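Please examine the following structure, with attention to its packing and its aromatic rings.

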Amino acid sequence: MALVTLILWIMPDPADWQLWAGLAVTGLSAYLIMELNNRNALLRIRSRLMSTTFLCLMLVCPALHRWDSGALAVPCLVLSYFMLFASYQKVRGEGYVFHAFLFLSLASIKFPPMMVLALVSYFCMIFQLRNFTWRTFLAGLLGAMVPYWFYAAIAVWENQFDTAFLYLEPWITPPLPDYSQLTLPQWITAGLMALLAVMALIHFFHTAYNDKIRTRMLIYVVATMEVVIMAALLLVPKCFDELMRLFIANSSMLIAHHYALGKGRFFNAWFYIVLTLLAALGVYNYVTAL
């Protein structure tokens, strides 16, 4: 999958540095997802399917291949998972929580909706990670504030403090969703990704009792984030590319859990049907992107 991704990713223009930069961020994200699975045993079997699924889903979306600063939100999200998962039921998990919120806040400098995921993290700390105390609350708050403290200091140094935070103003009262700006390939891509994610969620909730309690709670965190990101796609369609990257990264963990551990009479057939649909989606997206 890595070799196929490398070839098809840069095939449109091997001299385009933005494609190479986008590939580098995607490769880093795939490695972090692989390490996240290795360290937390999110799958009950030894498998690279999480990172492979992420590469596959990114590959069939050529509109997301070129570099932009919003792509950094994906590795920041995965790094925040590292920290949150490490804080599971920790009596003194303030350091982990601080860094989890720090990564989400760093991503929010370029993509402010990431701060919503910080609020969701508090919810997960209460109900799934079982580590919410006044100390971890303050640690998360401090971690979320640190990047903005540095950003404000830079703005003061450059004498731009009065305009530095104006980019946050549209997010205080976001406009009503305008779906007319979405293209047909975006609708089809979002529809197929949502179908795979929903099927994976159904499978997980139906078979969660097979996982260890810790693993189950960690995947509940991913599932909670999945619902929030899916809702954001519906409510903020103008940020489709940024949110779709996050959706693919988050969904790849659940989808891999589904296909690595799924059993049933028709499961193999369903797996090949999905591969065919993804291949067809990739061809369609590449053709329409020309």
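Which residue lies over the face of Trp-171? In this predicted model, that residue is Lys-238, placed at 4.8 Å from the ring centre.

The interior may be considered next. In soluble globular proteins, nonpolar side chains tend to be buried together. Here the largest nonpolar core comprises 83 residues. The residues with the most contacts inside this core are Tyr-81, Phe-85, Met-114, Met-193, Met-244, Leu-246 and Ile-248. Helix H12 (residues 240-261) supplies the largest share of the core, namely 14 residues. The surroundings of Ile-248 can be listed individually: leaving aside residues up to four places away in sequence, Ile-248 touches Phe-54, Leu-57, Met-58, Cys-61, Leu-64 and Met-193.

Helix H3 (residues 49-59) is largely enclosed by the rest of the structure, because nine of its eleven residues are buried.

A pair of aromatic rings is described by the distance of the centres and the angle of the planes. The structure holds 17 aromatic pairs. In one of them, Phe-123 and Phe-127 have ring centres 4.7 Å apart and planes at 45°, so the pair is tilted. Both residues belong to helix H6 (residues 114-127) and are four residues apart, about one turn of the helix. An α-helix has 3.6 residues a turn, so residues three or four places apart point the same way. Phe-123 counts as partly exposed because its relative accessibility is 39%; Phe-127, at 46% relative accessibility, also counts as partly exposed.

The rings of Phe-161 and Phe-165 provide another case: their centres are 5.9 Å apart and their planes stand at 75°, so this pair is edge-to-face. A relative accessible area of 46% makes Phe-161 partly exposed, and Phe-165 counts as partly exposed at 27% relative accessibility.

Finally, one aromatic cluster is formed by Phe-101, Tyr-122, Phe-132 and Phe-137.

Key: Residues are numbered from 1 along each chain as its sequence is written. This is a predicted model: local features need pLDDT of at least 70, side-chain atom pairs count only at pLDDT 80 or more; totals for chains, interfaces and linings use all residues. Side-chain values use heavy atoms; hydrogens and water are left out. A nonpolar core is a set of buried Ala, Val, Leu, Ile, Met, Phe, Trp, Tyr and Cys residues joined through side-chain atoms within 4.5 Å. Buried means under 20% relative accessible area, exposed over 50%, partly exposed in between (1.4 Å probe, protein chains only). Helices (H or I, at least four residues) and strands (E, at least two) are DSSP runs, numbered from the N terminus. Contact means heavy atoms within 4.5 Å. Rings of Phe, Tyr and Trp (its six-membered ring) pair if their centres lie within 6.5 Å; planes under 30 degrees apart count as stacked, over 60 as edge-to-face and the rest as tilted. A charge sits over a ring if NZ of Lys or CZ of Arg is within 6 Å of the ring centre and within 35 degrees of the ring normal.
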